[in-house]
Amino acid sequence: MSLSQKIFEAGVVGAGGAGFPTHVKANSKVEFVLANGAECEPLIHKDYELMLHFPKEIVKGFELLIESTSAKKGFFGIKEKNEKAISAISKKLNGKTELTRLGDFYPSGDEFELVYEATGRLIPPAGIPLDVGCVVNNVETSYNIALAESNIPVTQKFICVAGSVKKPSSFFVPVGTSFKDVIDFAGGTKVKEFGVFIGGVMMGHLTFDLNDVVTKTTAGIIILPIDHYLIKRKNQPEENWHRIGKSACDQCSYCTEFCPRYLLGYQVEPHKVMRSLGFTKTGAAFWNQMAELCCSCGLCTLYACPEDLYPKEACDKAKIEMREAGMKFIQQKPVKVHPIKEGRRVPLKQLIMKLKLQDYDVEAPFNSKSISVSKVNIPLQQHVGKPAEAAVKKGEIVEEGQMIGKIKNNELGANIHASIGGKVKDVTEKFIKIES
Ligand code: SF4
Ligand code: SF4
């Protein structure tokens with residue numbers, strides 16, 4: 001069986017982003033393969049811990065991908081500050097791979113940034129790394145590729161639990177574990193009332209539902225007190241974002257001046273998206289093509305805007321509205337890096353201060369103990385593409401690692417496996433519930 005087929009069978013998807021099925025990447029032919037160990041979301045340290053403790057597996061998966069794509073070279077991106085991880089990984093790399101030492105900036109883990117830093121190439125507007133002969137994988141995805149090669153499917157997710165918890169830490173949990181079980185394993189919260197950021201405070205989402213579950217793409221779980229600045233900002237009703245923006249934006253354009261995509265040379269100008277709010281009656285139903293190439297990094301809303309407005313959210317809404325209206329913006333000029341780009345990078349420490357997270361900026365060491373979980377609720381859609389179709393029925397007994405959700409061979413998607421052994425308690429269109 002080819003590596004790509006093994007990856008497909010094992011249900012490997014991008015562990016650090018939207019969950020793009022990895023077998024598609026393994027099946028392509030490229031010049032360069034890049035490992036993304038940048039990890040730039042504040043407080044999340046799971047990739048760092050994984051690189052420290054599992055360098056052999058990560059490098060094995062990375063090199064397997066270099067081989068399967070016939071790439072002539074690999075680049076391994078790690079932040080310069082993470083000396084221990086650099087040392088652990090470097091010892092395992094062969095001569096075909098160059099280490100790309102990254103500065104401690106946000107968002108240095110963005111694929112467009114990483115490809116440019118490592119290769120000097122600029123991905124075309126609205127393009128993907130493949131367009132410039134590159135494939136990029138998060139380091140945990142590389143780890144999962146190594147397991148897939150030995151026919152071990154993805155049943156565990158490596159996550160970081162941080163913020164207002166008693167034991168900030170990084171550990172493996174079965175896919176489908178509830179946030180409640182995960183938080184308990186990290187010693188419980190330090191506060192009674194709190195909100196939970198899933199995937200990070202910059203690009204993740206806020207939830208108050210502890211029955212939500214860990215998926216193959218959950219990177220971090222950040223707990224913050226209910227009265228924290230970030231909870232208050234994210235918890236504003238959506239209609240307020242645009243209504244307040246309509247009246248309070250003074251068009252200073254800081255949001256654009258700090259936008260990492262704008263600085264790389266893409267036509268993203270959030271201040272113009274905010275300007276278009278002024279032409280609507282209520283701040284609803286607007287669109288602006290300057291949102292199209294935004295990557296939703298959140299810097300404009302959470303760092304740049306002196307008025308605490310919501311340009312990122314305006315861009316998100318404009319993108320949706322334009323898509324619904326069947327409009328697509330095509331960049332009109334060549335992509336050219338802004339001469340001031342280096343001077344406008346946002347140091348992570350500065351971002352953490354701005355977000356009022358400095359009290360939570362601590363290590364999250366690897367906890368090798370196994371979490372004990374008696375029930376999981378496994379989503380059938382944890383990836384880009386079609387949801388998997390349930391391959392088991394209510395009442396069946398399944399073993400850990402058994403395929404329970406299947407993708408038909410020619411469709412884009414990823415297979416799903418039982419993360420614990422036990423009885424199938426329920427099967428819906430969206431979830432398979434298993435209890436041991
Ligand atoms: S979220 Fe804001 S800063 Fe980030 S890419 Fe979009 S417009 Fe630029
Ligand atoms: S930074 Fe804030 S106030 Fe300035 S243009 Fe952007 S949204 Fe408006």
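This is a predicted model: local features need pLDDT of at least 70, side-chain atom pairs count only at pLDDT 80 or more; totals for chains, interfaces and linings use all residues.
Local features need pLDDT of at least 70 and side-chain atom pairs pLDDT 80 or more, while totals for chains, interfaces and linings use all residues. Residues are numbered from 1 along each chain as written, chains are lettered from A and ligands numbered from 1 in written order, and side-chain values use heavy atoms, without hydrogens and water.

**Exercise 1. Shells around the ligands**

Task: Describe the residues around ligand 1 and ligand 2.

Solution. 
- Step 1. Set the cut-off: a residue is near a molecule or strand if one of its heavy atoms lies within 4 Å of it.
- Step 2. List the surroundings of ligand 1: C259, P260, V268, P270, C294, C295, S296, C297, G298, C300, K312 and C315.
- Step 3. Sort them. Ala, Val, Leu, Ile, Met, Phe, Trp, Tyr, Cys and Pro count as nonpolar, Asp, Glu, Lys and Arg as charged, and the others, Gly among them, as polar. The shell of ligand 1 then has nine nonpolar, two polar and one charged residue.
- Step 4. Turn to ligand 2. It is surrounded by 14 residues, and C249, C252, S253, C255 and C305 are the closest.
- Step 5. Sort again: nine are nonpolar, three polar and two charged.
- Step 6. Helices are DSSP runs of H or I with at least four residues, strands are runs of E with at least two, and both are numbered from the N terminus. At least two shell residues come from each of α11 (254–257) and α13 (270–277).

**Exercise 2. Backbone exceptions**

Task: Which residues other than glycine have a positive phi, and where is a cis peptide bond?

Solution. 
- Step 1. Take L43. Its phi is near 75 degrees. The residue sits in the loop between β1 (32–37) and α3 (46–53).
- Step 2. Check its cover. Buried means under 20% relative accessible area, exposed over 50%, and partly exposed in between, with a 1.4 Å probe and protein chains only. L43 has 2% relative accessibility, so it counts as buried.
- Step 3. Take S253. Its phi is about 70 degrees. S253 belongs to the loop between α10 (238–248) and α11. It is buried too, at 15%.
- Step 4. Find the cis bond. It joins Y106 and P107, with omega about 0 degrees. P107 is part of the loop between β4 (105–106) and α6 (111–119).

**Exercise 3. Salt bridges across the sequence**

Solution. 
- Step 1. Define the pair: a side-chain nitrogen of Lys or Arg within 4 Å of a carboxyl oxygen of Asp or Glu. The structure holds 26 salt bridges.
- Step 2. Start with D110. D110 lies in the loop between β4 and α6 and R261 in helix α12 (260–264), so the pair ties together parts 151 residues apart in sequence. Both residues are buried.
- Step 3. Go on to E117. E117 is in helix α6 and R345 in the loop between α15 (311–324) and β11 (346–347), 228 residues apart. E117 is partly exposed at 30%, whereas R345 is buried at 16%.
- Step 4. Finish with K328. K328 is in the loop between α15 and β11, E292 in the loop between α13 and α14 (299–304), 36 residues apart. K328 is exposed at 61%, and E292 is buried at 12%.
- Step 5. Look for shared partners. They join E113, E117, K341, E342 and R345 into one network.

**Exercise 4. Inside or outside**

Task: Is α3 largely enclosed or open, and is I397 buried or exposed?

Solution. 
- Step 1. Count in α3. Six of its eight residues are buried, so the helix is largely enclosed by the rest of the structure. The buried ones are K46, D47, Y48, E49, L50 and M51.
- Step 2. Locate I397: strand β14 (397–398). At 63% relative accessibility it counts as exposed.
- Step 3. List its contacts, meaning heavy atoms within 4.5 Å. Leaving aside neighbours within four places in sequence, I397 touches Q402, G422 and K423.
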